[in-house]
Amino acid sequence: MKERMDIQTPAEQLQGPAIRVQDLEKSYKKLAVLCGVHFDVARGSILALLGSNGAGKTTVVNILSTLLKADAGTASVNGFDVTKQAAGVRESISLTGQFAAVDEILSGRENLVLVARLRHLKDPGAIADGLLARFSLTDAAARKVSTYSGGMRRRLDIAMSLIGNPPVIFLDEPTAGLDPQARIEVWHAVKELAGQGTTVLLTTQYLDEAEQLADRIAILHGGRIIVNGTLTELKRQLPPAKVEYVEKQPTLEDVFLALVRDDGKHGDLGHDSVGSAQ
Ligand SMILES: Nc1ncnc2c1ncn2[C@@H]1O[C@H](COP(=O)(O)OP(=O)(O)OP(=O)(O)O)[C@@H](O)[C@H]1O
Ligand SMILES: [Mg+2]
């Protein structure tokens, strides 16, 4: 058998999953947050990482985006090892953090132009205008971001993360605090991205968001991924409840709460337990 190599060749980089996480461990002093996290994300798919507050979702995202070093385990993004090939990872990703990173003093358009310039792209103005249109921000383009609503900021934040068309996008709670309409707009943008072949890893507290968007859903609990499967696979974990002779399918929320209460005795759901590229 061929010995596993940590660093892949360019051909292997294009073939494997967009994100591969194996045995990841991370503690903050005595607090063990990740205790052997495993999952893959196939290219062009959306994985929703669910978990309660403090489960370690942002920690995973920060490790994958090279902002934080894991204590043990390996992770690769777009074929690049997050520790040994951090520059390759950074070129392959964009990160929309849990808290919007837009500059309040600049206008929406200026924010976009700035990022396009920083990425040394040709015609930053045209890139900015295209994204403003795509995210329904054209009318507000010249206004200072400090006058934007939360939804507009979030949309601008996501638009900024698309500059340069990175193949892998991390969205850490992309719709936290948004009203239902703004959430739907963000969902549209995310779906469109995946439709174009971008790989998306998003974390969320909103179970309906995972239901709406994700190809696969992984639940992080107790430092591990306790399930990883499609929505249908997750729903199969619970039998339908009978209510006055009408079968009620469990919602993802029922599945989530039951599994979290169960404390991770389920394991992965798919045949390929880490959901590798299909
Ligand atoms: N720099 C740090 N130093 C110490 N503890 C930390 C640090 N960063 C995170 N933690 C702790 O690690 C745990 C996981 O945090 P993390 O932010 O990854 O959780 P999360 O799943 O993203 O939570 P949330 O849903 O609230 O965003 C929490 O208990 C948190 O307090
Ligand atoms: Mg978080």
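**Strands, helices and a ligand shell**

Reader: Which residue is the bridge partner of Leu-47 in β9?
Author: Arg-216 of β9 is the bridge partner of Leu-47. This is a predicted model, in which local features need pLDDT of at least 70, side-chain atom pairs count only at pLDDT 80 or more, and totals for chains, interfaces and linings use all residues. Residues are numbered from 1 along each chain as its sequence is written, while chains are lettered from A and ligands numbered from 1 in the order in which they are written.

Reader: What makes a stretch a strand or a helix here?
Author: Both are DSSP runs, numbered from the N terminus: a helix is H or I over at least four residues, a strand is E over at least two.

Reader: How do you know that strand β3 and strand β9 pair?
Author: Two strands pair if DSSP finds at least two bridges between them. Between β3 (residues 46–50) and β9 (residues 216–221) there are four bridges, and the two strands run parallel. The four bridges reach the required two, so β3 and β9 count as paired.

Reader: In what order do the strands of the open sheet with mixed pairing come?
Author: The order of its six strands is β6-β7-β8-β3-β9-β10. β6 (93–96) and β10 (224–229) are the edge strands, since each pairs on one side only. From one strand to the next the twist averages 15°.

Reader: What makes β2 and β5 edge strands of the open sheet of four strands?
Author: The order in that sheet is β2-β1-β4-β5, with antiparallel pairing. β2 and β5 (80–81) each pair on one side only.

Reader: How many bridges hold each pair of strands in that order?
Author: β1 (residues 19–28) is joined to β2 by eight bridges, and among the partners are Glu-25 with Cys-35 and Val-21 with Phe-39. β1 and β4 have five bridges, with Arg-20 opposite Ser-76 in β4. β4 (residues 72–77) and β5 have two, and there Val-77 stands opposite Phe-80 of β5. Two bridges are enough under the "at least two" rule, so β4 and β5 still count as a pair.

Reader: What is found between the strands of the hairpin of β1 and β2?
Author: Two residues lie between the strands, and in this hairpin Lys-29 takes a positive phi near 50°.

Reader: Which residues come closest to ligand 1?
Author: The shell has 13 residues, and the closest are Tyr-28, Asn-53, Lys-57, Thr-58 and Thr-59. A residue counts as near when its C-beta atom, placed from the backbone, lies within 6 Å of the molecule or strand. β2 (31–41) and α2 (57–64) each supply at least two residues of the shell, and α2 gives the most, with three.

Reader: How are the residues of that shell divided by class?
Author: Four are nonpolar, eight polar and one charged. Ala, Val, Leu, Ile, Met, Phe, Trp, Tyr, Cys and Pro count as nonpolar, Asp, Glu, Lys and Arg as charged, and the others, Gly among them, as polar.

Reader: Why is α2 called largely enclosed?
Author: Eight of the eight residues of α2 are buried, so the rest of the structure largely encloses this helix. Buried means 20 or more other C-beta atoms within 10 Å of a residue's own, exposed means 12 or fewer, and partly exposed is in between, with C-beta atoms placed from the backbone. Lys-57 and Leu-64 are among the buried residues. Just after α2, Thr-66 takes a positive phi of about 70°.

Reader: Is Pro-180 buried or exposed, and why?
Author: Pro-180 has 10 C-beta neighbours inside 10 Å, and the limit is 12 or fewer, so Pro-180 counts as exposed. Pro-180 is found in helix α7 (residues 180–195).

Reader: Why are α4 and α6 called roughly parallel?
Author: Angles run from 0 to 180 degrees between N-to-C directions, and axes are lines fitted to C-alpha atoms, for helices over the stretch in contact. Under 35 degrees counts as roughly parallel, over 145 as roughly antiparallel, 65 to 115 as roughly perpendicular and the rest as oblique. α4 (residues 108–118) and α6 (residues 150–162) pack at about 20°, with axes 9 Å apart. The two helices are therefore roughly parallel.

Reader: At what angle do α4 and α5 cross?
Author: α4 and α5 (residues 124–134) cross at roughly 130°, and their axes come within 8 Å. That angle makes α4 oblique to α5.
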